Amino acid sequence: MADVVEDQKFSLKEVLDTFQSCLTDNKEILIDQYVAGWRGLVRFMNSLGTIFSFISKDAVGKIQIMANHRKGGHGEQYETVQSMVKYELAHGLVDLTKRADHPESGCRTTLRLHRALRWLELFLERLRTSGEDGKTSAMCAEAYNESLAHHHSWIIRKASLMAFCALPGRATFFEVMNVGTPDQVVTMLGEALPLIAEVYQITEELYAKNNLLDLP
Ligand SMILES: CCCCCCCCCCCCC/C=C/[C@@H](O)[C@H](COP(=O)(O)O)NC(=O)CCCCCCCCCCCCCCC
């Protein structure tokens, strides 16, 4: 796991830059950069406390699956989300209706991260527009209930909502982001969000077009 999540100081700028660099000129999504964006986010989450380790563990597992696809014999087919979808569908490498021979397909793994990206977008938007006394746990829970919660079991929903209660207040949260003053954080969020939303939208449309939005 050490090669997946290194112990470096997190900066939100890094996520902004990484998600920016994952979009090619013709709007394809580069998997290396997409996965690197998630690595940065997981690193940040780890710095918030061990209560988030069950989330971190799942995310790291998925990051590792995608890294393995890239390192594997067909790694070049996994350069972008678009080429991955084309390759895996053409070769019958995706379990479409029930989990069977391909529980670690790139398509279903990316779908899980993709759904989490929607949570991130909703959460960051709430953080950006919140007042000084805004409650991060409530913002996080609202964003979760509007997105990922629809795809999680009762027990995962309960555990997640409990973990969110351990989130630090807005001021501390902004400090840990390591970006600068609260105003600078808000500016950074304003710059990062349209890119995250674009990456999400492109993936959503690609998955919808290929009937992949409900992969088991
Ligand atoms: C900062 C607070 C962090 C809040 C994180 C909110 C996301 C909550 C996700 C809860 C996942 C619980 C663990 C288990 C999940 C799996 O069941 C489930 C389904 O997988 P399966 O089909 O293979 O079984 N997995 C998933 O939905 C993927 C979850 C991936 C979560 C990645 C979360 C990374 C969070 C990074 C936070 C960074 C905040 C940055 C703010 C500037």
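Mentor: Start with the buried residues of α3, where buried means under 20% relative accessible area with a 1.4 Å probe, protein chains only: they are S56, A59, V60, K62, I63, Q64, I65, M66, A67 and H69. Their cover includes α2 (31-47), α4 (81-90) and α5 (106-129). Keep in mind that this is a predicted model, where local features need pLDDT of at least 70, side-chain atom pairs count only at pLDDT 80 or more, and totals for chains, interfaces and linings use all residues. Residues are numbered from 1 along each chain as its sequence is written, and side-chain values use heavy atoms, leaving out hydrogens and water.

Helices here are DSSP runs of H or I, at least four residues, and strands are runs of E, at least two, numbered from the N terminus. Helix α3 takes in residues 53-71, 19 residues that should span 27 Å at 1.5 Å a residue (the rule is 1.5 Å times one less than the number of residues). Its end C-alpha atoms sit 26 Å apart, which agrees.

Now zoom out: the protein has nine helices and zero strands. Its radius of gyration, taken over C-alpha atoms, is 17 Å, close to the 17 Å from the globule rule for 216 residues, so it's as compact as a globular protein of that length; that rule is 2.2 Å times the number of residues to the power 0.38. The C-alpha trace spans about 50 × 40 × 35 Å along its principal axes, and buried residues make up 48% of the 216.

Key. Buried means under 20% relative accessible area, exposed over 50%, partly exposed in between (1.4 Å probe, protein chains only). Contact means heavy atoms within 4.5 Å.
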